[in-house]
Amino acid sequence: MGDADQLVEISSTHWMELKDLFKNSWPKHEFAYYLLCNYVRWTSADPRLKENIKIYSLNGCWRTDETFALKEGFEIYFYSAAEGADSQHLVRLLSLMDWDAWQEISMDYLERFHAVVEKVINIRGLSIVSSCMANYYYLVKNQALEMNIPPLPEGFAFESLHEKHLSYIYSQWPLKDNISYESGYRLLKRLIQYNESVGLFDRSGLLVSWCLSDQTGAHSDLQTAVEHKRRGYGRMVVVELAKRLARRGSDSKAYVLSSNENSIKLFEGVGFRKIENLRWVVVHPRDPTMTENLSAKDLP
């Protein structure tokens, strides 16, 4: 990390310009594009969110290096369009971030950036709480629009999700043991408030299956109530959400844990294709009283 390096905030007035940098070579950089689309949309709907959403560059050079890091609450996202993504440039940027601001930090990032994360973990003395690998699936919007949804059972209906469904959805969330209650509950609340979502409700109005979309635009938190599994409801909500996103002009994607065989079969059966891998890593700041350094064998 150079002595003269500075973490320079990118003003929200430039977020649209930053986002449009990643239209080049479409869809090579769609991860960054849809991520920034999400936060432009969030802050347009509620400008108060800008207080807690910060996007940074290294030395203010984002127009030339096409590299940024975004911090929102306990989450950090980052991306670089530069070739050789394990370069010291991105390491220097991430090393300047305030990793001590929260008790835990969650990161979703493309597998090709993992060498960068390993270096930052060592430089900043972070401890890994969990590390999961996921298949990264993609579906173009035109294909989604052409899909047919099987007829719904009599009396069933699709509806967008609302905050009144949050407690039940959190109680069924399979990732709630990987992250604190405060962080996880708050995350799901944001997604339901601001992003597209689909719930399938039975004739009595009970929620039986659902799917959210996350900050990167991906299908997320797909779940079906235990008593309603193996009836094809998960497939229905996945296709319905893909269609809703496509009508807004967005392709669809999904991150499916490599150990989740049922969801892998579902998304591949619908027509999503795997394009690469993604990591979900949660870290804690190191205890300042502990002086030992992490070695390579300690890393995921």
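User: What classes make up the lining of the second largest pocket, by count?

Analyst: By class, with Ala, Val, Leu, Ile, Met, Phe, Trp, Tyr, Cys and Pro as nonpolar, Asp, Glu, Lys and Arg as charged, and the others, Gly among them, as polar, that lining has 3 nonpolar, 8 polar and 4 charged residues. Keep in mind this is a predicted model, where local features need pLDDT of at least 70 and side-chain atom pairs 80 or more, while totals for chains, interfaces and linings use all residues. Numbering runs from 1 along each chain, and side-chain values use heavy atoms, leaving out hydrogens and water. So, taking nonpolar, polar and charged as defined, the tally is 3, 8 and 4.

User: Which helix gives the most to the lining of the second largest pocket?

Analyst: The lining has 15 residues, and Tyr34, Cys37, Arg41, Arg248 and Ser250 lie nearest the pocket's centre. The top contributor, with 4 residues, spans residues 30-45. That's helix α2.

User: Which strand gives the most to the lining of the largest pocket?

Analyst: This pocket has 40 lining residues, with Asp221, Leu222, Gln223, Asn260 and Ser263 nearest its centre. The biggest share, 6 residues, comes from β10.

Methods
1 Å grid on protein atoms, 1.4 Å probe; cavity = no way out; pocket = protein on both sides within 12 Å on 5 of 7 lines; lining within 4 Å. Helix = DSSP H or I, 4+ residues; strand = E, 2+ residues; numbered from the N terminus.
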